[in-house]
Amino acid sequence: MDFDTLFEAQIDALKEEGNYRIFAELERRCGTFPKAMNYNEDGVRDVTVWCSNDYLGMGQHPDVVKAMCEVAESCGTGAGGTRNISGTNHHHLLLEAELADLHQKEAALLFTSGYVSNWAALSTLGSRLPGAVILSDALNHASMIEGIRHSRADKVIWKHNDPKDLDEKLAAIPADRPKIVAFESVYSMDGDIAPIADIVEVAEKHGAMTYLDEVHAVGLYGPRGGGVAEQEGLMDRITLIEGTLGKAFGCFGGYITGSAALCDFIRSFASGFIFTTALPPAVAAAAKTSIAHLKVSEFERMRQRRQVKLLRSKLDAIGIPHLPNPSHIIPVMVKNPVKCRMISDMLMDDWGIYVQPINYPTVPKGTERLRITPGPLHSDDDIEYLVEALSELWSHCAIARQVA
């Protein structure tokens with residue numbers, strides 16, 4: 001059997017649908033972000049990145065870079081093993097203590113990514129708690145969906161950000177079954193924010209534990225960057241808070257926080273923790289430095305919010321449609337996969353602007369978009385240039401504008 005022919009047929013179908021992904025080859029330059037070098041067949045060019053998850057530019061903060069370099073020189077590059085077999089480094093424990101403090105929890109546990117922390121924690125909770133039922137928001141991230149699926153626990157999907165529907169779903173489950181309500185704070189594609197207080201009220205009413213994914217919120221919301229739950233004064237009422245080190249903290253890795261018993265339970269039974277090499281100590285040290293900085297610095301958050309507000313107002317002024325939401329994520333709606341890809345390519349080729357098109361299956365067909373994430377290091381001139389480019393391309397591609 002010619003397997004390559006089978007592979008290529010499905011790839012060709014993706015291309016015809018306009019959903020084939022092309023990776024931009026970038027080289028971030030420390031000290032110049034959001035500028036980057038883009039390598040392509042014609043050579044190397046400078047571009048401005050508008051879709052990075054390094055939301056606050058902490059990946060190039062001098063203190064964070066210094067911490068990583070110093071610990072790489074003192075400890076070497078890798079952890080040398082799994083956490084269980086020689087891989088637990090002093091810097092891992094310092095970082096876990098920093099994270100527990102950030103979320104005001106007894107303990108924290110590190111993972112190699114936010115995807116793995118969701119997958120490992122949810123699969124372990126669902127499989128090890130007898131008779132568990134996991135109630136999952138309809139728009140939860142793929143990592144949460146895969147963790148729930150892998151757990152083989154009974155799953156109930158509740159309508160997105162709908163506490164009333166959650167209440168009805170929980171009421172139908174016997175009181176003696178362990179119930180886990182899994183949801184996110186900031187949803188990364190639409191940028192909407194969950195009604196956490198209402199969800200917690202419903203979960204507590206039915207004796208359910210709450211599992212909150214704050215990956216797109218940590219560092220960005222709350223007086224110390226603890227996320228939306230901190231901003232709303234609800235961290236103490238959330239059973240488990242999960243987050244990432246790879247977005248606003250500018251590093252790499254994932255984590256969970258909760259009670260000492262909960263974290264020890266996941267540590268002891270989660271295959272995604274037990275059987276993988278630990279984070280490099282230098283990464284852990286850099287992440288700790290970043291978290292500690294954002295606990296006391298409001299500058300990055302305030303500057304980012306200013307730039308988000310400025311870009312939204314300028315898009316409104318020229319009728320470029322974008323989803324209204326209270327978060328830092330600006331989904332500019334194209335609603336056509338071919339045109340979405342085309343605009344992205346033209347922005348890169350003609351304007352030196354990099355915004356990745358978001359097409360199916362990441363978002364439903366007909367909701368294709370450019371997901372723009374302004375940061376504190378985008379200048380007002382950067383914003384003016386982006387808006388000028390979008391306006392010209394909107395006309396070039398004959399896309400309807402939004403009437404005020």
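**Cavities and a strand pair**

Reader: Which strand and helix each supply at least two residues of the lining of the largest cavity?

Author: Strand S4 (107-111) and helix H11 (271-274) do. Helices are DSSP runs of H or I with at least four residues, strands runs of E with at least two. This is a predicted model, where local features need pLDDT of at least 70 and side-chain atom pairs 80 or more, while totals for chains, interfaces and linings use all residues. Numbering starts from 1 along each chain as written, and side-chain values use heavy atoms, without hydrogens or water.

Reader: Which residues line the largest cavity?

Author: Arg83, His92, Leu110, Phe111, Thr112, Gly272, Phe273, Thr276, Thr277, Ala278 and Leu279. A cavity is a set of points on a 1 Å grid where a 1.4 Å probe fits but cannot get out, and lining residues have an atom within 4 Å of a point.

Reader: What volume does the largest cavity have?

Author: About 90 Å³, counted as the space filled by probe spheres set on the points.

Reader: How many cavities of 30 Å³ or more are there?

Author: The count is 2. The second largest cavity holds about 30 Å³, and its lining includes Phe33, Asp54, Tyr55 and His378.

Reader: New topic. Which way do the residues of strand S11 point?

Author: In S11 (residues 330-333), Ile330 and Val332 point one way, Pro331 and Met333 the other. All are buried, that is, under 20% relative accessible area with a 1.4 Å probe, protein chains only.

Reader: And what does S11 pair with?

Author: Strand S14 (residues 369-372), antiparallel, over 4 bridges; pairing takes at least two in DSSP. Met333 stands opposite Arg369 of S14.

Methods: On a 1 Å grid over the protein atoms alone, a cavity is a set of points where a 1.4 Å probe fits but cannot get out, and a pocket is an open set with protein on both sides within 12 Å along at least five of seven lines; lining residues have an atom within 4 Å of a point. Buried means under 20% relative accessible area, exposed over 50%, partly exposed in between (1.4 Å probe, protein chains only).
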